[in-house]
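Let's take a walk through this structure together, starting with the overall picture and then moving in to single residues. Keep the sequence beside you as you read.

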Amino acid sequence: MPTGKMESGCVLSILETAFPHPSEEYADAFFCQEMTAALEAAAKEYKVRFLETVDEIRAGGLESAEFVLRREEKRNKSVNVPLLREELPELFAELAFVSAANASKLLSKKFIYDATKKLIKNRITNYEEVNVKDLEARLPEPEYSRYVTDKLISERYVVEAKS
């Protein structure tokens, strides 16, 4: 049983020995696509098995001569806003803000637009946007198509076996 990190190159070498890749390009692309899906599914299964095994180790208080179970923690610092507001109101007033995401949840798009336009005047033209679905609801074809362009932002290739 290995005691260190399993090398991905080692696993890849074993897989390539067991499942040699095809030499024809389409067949190889299809093989890689299917192998990716299989490995992602296997990774999910290993993750579930890992979590179940860790639960068993913890519940049973199990120990090992070769391994140790260590808990890694990621932490996020956050401000106790009500306490800061109450105890240091001047500092709070200097630092308090509403994130753009929360502002858009709390206020209408029109309100945000009007308030921003009032503040920055004509500079707003560099930032103005119109929601495609809103325009589609208001303009009939073919007029709608005059104002909307379809721009490719990403593409993904999929290889399928011919029937």
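Predicted model: local features only at pLDDT ≥ 70, side-chain atom pairs only at ≥ 80, totals over all residues.

Residues are numbered from 1 along each chain as its sequence is written, and side-chain values use heavy atoms, with hydrogens and water left out.

Back to the overall picture. Taken along the principal axes, the box filled by the C-alpha atoms of the chain is roughly 70 × 60 × 25 Å. How many of the 163 residues count as buried? The share is 5%, where buried means under 20% relative accessible area, exposed means over 50%, and partly exposed is in between (1.4 Å probe, protein chains only). The chain exposes about 16,300 Å², and carbon and sulfur atoms supply 56% of that area. Such areas come from the Shrake-Rupley method with a 1.4 Å probe, and for residues only the protein chains shown count as cover. As for contacts (heavy atoms within 4.5 Å), take those between residues at least 6 apart in sequence: 33% of them join residues at least 24 apart.

His 21 sits in the loop between helix H1 (8-18) and helix H2 (25-60), and its 49% relative accessibility makes it partly exposed. If you set aside neighbours within four places in sequence, His 21 touches Asp 28 and Phe 31. Glu 72 is 51 residues away from His 21 along the chain, and their C-alpha atoms are separated by 38 Å.

Next come the charged pairs. The structure holds four salt bridges, each being a side-chain nitrogen of Lys or Arg within 4 Å of a carboxyl oxygen of Asp or Glu. Arg 71, Glu 73 and Arg 75 are linked in a network of them. Between Arg 71 and Glu 73 the closest N and O atoms are 3.5 Å apart, and between Glu 73 and Arg 75 they are 2.9 Å apart. Arg 71 is exposed at 68% and Arg 75 is exposed at 71%, whereas Glu 73 is partly exposed at 46%.

Further along there is a nonpolar patch on the surface, formed by Val 98, Leu 106, Leu 107 and Phe 111, with about 420 Å² of accessible area together. Patches are made of residues with over 30% relative accessible area and no salt bridge; like charges are joined within 9 Å, and nonpolar side chains (Val, Leu, Ile, Met, Phe, Trp, Tyr) within 5 Å. One member, Leu 106, belongs to helix H5 (residues 100-106) and is exposed, with 66% relative accessibility.

Then look at H6. This helix has 12 residues and spans 16 Å from its first C-alpha to its last, close to the 16 Å expected at 1.5 Å a residue (the expected span is 1.5 Å times one less than the number of residues). Here Asp 114 and Lys 110 meet in a salt bridge of 3.4 Å, N to O. Why are these two about one helical turn apart? Because they are four residues apart in helix H6.

What happens just after H6? Lys 121 takes a positive phi of about 55°, although this residue is not a glycine. Lys 121 lies in the loop between helix H6 (109-120) and H7, and is exposed at 54%. Asn 126 is in the loop between H6 and H7 too, exposed at 63%.

One last stop: Glu 141 and Pro 142 are joined by a cis peptide bond, with omega about 0°. You'll find Pro 142 in the loop between helix H7 (132-138) and helix H8 (143-147). For context, most residues other than glycine have a negative phi, and most peptide bonds are trans.
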